[in-house]
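Subject: Structure handover

Hello,

Please find the structure below, with its sequence. My notes on what was found in it follow.

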Amino acid sequence: MSEYSYIIGTKNNLTLIINSEIFNVSASVDGVEKYQLVVKLIKEKAALDVLYAAVSIKKQIEYISKGRVRIDNGKVFYLDKVIDSTYIGTKLLELHKNGFDCSALMLFIDNLYQNTSYRSINLLYGFLEKYNMPITSDGYFLAYKKVGADFKDLYSHSIDNSVGAVVKMNRNEIDDDPNSLCSAGLHFCSFDYISKYCSETVDAKVVILKINPKDVVS
């Protein structure tokens with residue numbers, strides 16, 4: 001059996017079977033736009049996650065996360081834990097109900113819940129939203145850092161932040177107290193904060209960082 005099977009009806013309707021699940025799509029029920037999109041994707045032999053997104057965002061979430069994140073009866077689960085009462089769970093439900101592609105946020109949740117910090121799991125997404133730091137398609141997020149002309153950090157002048165560099169530090173060397181500003185650790189900030197940090201450094205550069213949410217300590 002191929003990845004999906006289908007039959008096109010005579011009245012702008014079709015039946016699609018993906019991984020033994022049946023989806024009926026009809027122009028009169030689901031709208032002409034959705035019907036035509038599904039037909040187009042079938043003709044193009046679209047990838048399974050793309051087809052899932054067209055017929056069911058809920059199924060797309062489950063497929064991409066390999067079942068680790070799912071929406072069931074109006075509740076969001078990570079593995080077997082209900083997380084819809086958390087802020088990020090509420091946000092996922094909100095986007096899902098409004099028809100948004102939730103794949104990036106779903107992958108973000110999958111990464112985030114691998115974090116060992118209870119505080120980071122519960123507070124990080126709200127922080128990113130408040131300070132306008134976008135989530136990438138693979139579930140990381142983008143933040144900013146001011147560095148010197150040589151791309152070294154402006155505190156120790158020893159950490160290379162040049163384009164393409166991977167910066168690491170042992171987790172137990174990082175201060176996990178969120179009230180200890182500018183303490184031990186690797187730092188990132190919002191774009192709005194950049195102008196306030198080392199404003200006297202005239203030859204500074206600003207780099208965009210790509211960060212896995214599972215690595216955020218505080």
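The count of cavities of 30 Å³ or more comes to one. This is a predicted model, and every value here was computed from it. The largest cavity has a volume of about 40 Å³. Its lining is made up of Thr 86, Tyr 87, Ile 88, Ile 121, Asn 122, Tyr 125 and Gly 126. Two elements, α5 and α7, each give two or more residues to this lining. The largest share comes from α7, with four residues. Sorted by class, the lining of the largest cavity has four nonpolar residues, three polar ones and no charged ones.

Such spaces are found by a simple idea: rolling a probe the size of a water molecule over the atoms shows where empty space is left.

Helix α7 gives the most, three residues. The lining of the second largest pocket divides into nine nonpolar, two charged and no polar residues.

Is α6 buried or exposed? Ten of its ten residues are buried, so α6 is largely enclosed by the rest of the structure. To find them in the viewer, look for Ser 103, Ala 104, Leu 105, Met 106, Leu 107, Phe 108, Ile 109, Asp 110, Asn 111 and Leu 112. What do these buried residues pack against? Their partners are α4 (57-64), β4 (69-72), β5 (75-78), α5 (87-97), α7 and β7 (141-147).

In α5, the buried residues are Ile 88, Gly 89, Lys 91, Leu 92 and Leu 93. They pack against α4, β4, β5, α6 and α7. Just after α5, Gly 99 takes a positive phi of about 80 degrees.

One residue elsewhere is worth a line. Val 50 sits in helix α3, which covers residues 48-55. Its relative accessibility is 36%, so Val 50 counts as partly exposed; buried would need under 20%, and exposed over 50%. Gly 31 is 19 residues from Val 50 along the chain, and the C-alpha atoms of the two are separated by 18 Å.

Last, the whole chain. The secondary structure comes to eight helices and eight strands. The radius of gyration is 22 Å, well over the 17 Å that the globule rule gives for 218 residues, so the chain is more spread out than a compact globule. Along the principal axes, the C-alpha atoms fill a box of roughly 70 × 35 × 30 Å. Of the 218 residues, 37% are buried. The accessible surface comes to about 13100 Å², and 52% of that belongs to carbon and sulfur atoms. Among contacts between residues at least 6 apart in sequence, 54% join residues at least 24 apart.

Regards

Definitions and conventions
Residues numbered from 1 in each chain as written. Predicted model: local features only at pLDDT ≥ 70, side-chain atom pairs only at ≥ 80, totals over all residues. Heavy atoms only, no water. Nonpolar A, V, L, I, M, F, W, Y, C, P; charged D, E, K, R; others polar. Buried < 20%, exposed > 50% of the residue type's maximum accessible area, 1.4 Å probe, protein only. Contact = heavy atoms within 4.5 Å. Rg over C-alpha atoms; globule rule 2.2 N^0.38 Å. Areas by Shrake-Rupley, 256 points an atom, 1.4 Å probe, with all protein chains shown as cover. 1 Å grid on protein atoms, 1.4 Å probe; cavity = no way out; pocket = protein on both sides within 12 Å on 5 of 7 lines; lining within 4 Å. Points joined across faces, edges and corners; volume = space filled by probe spheres on them.
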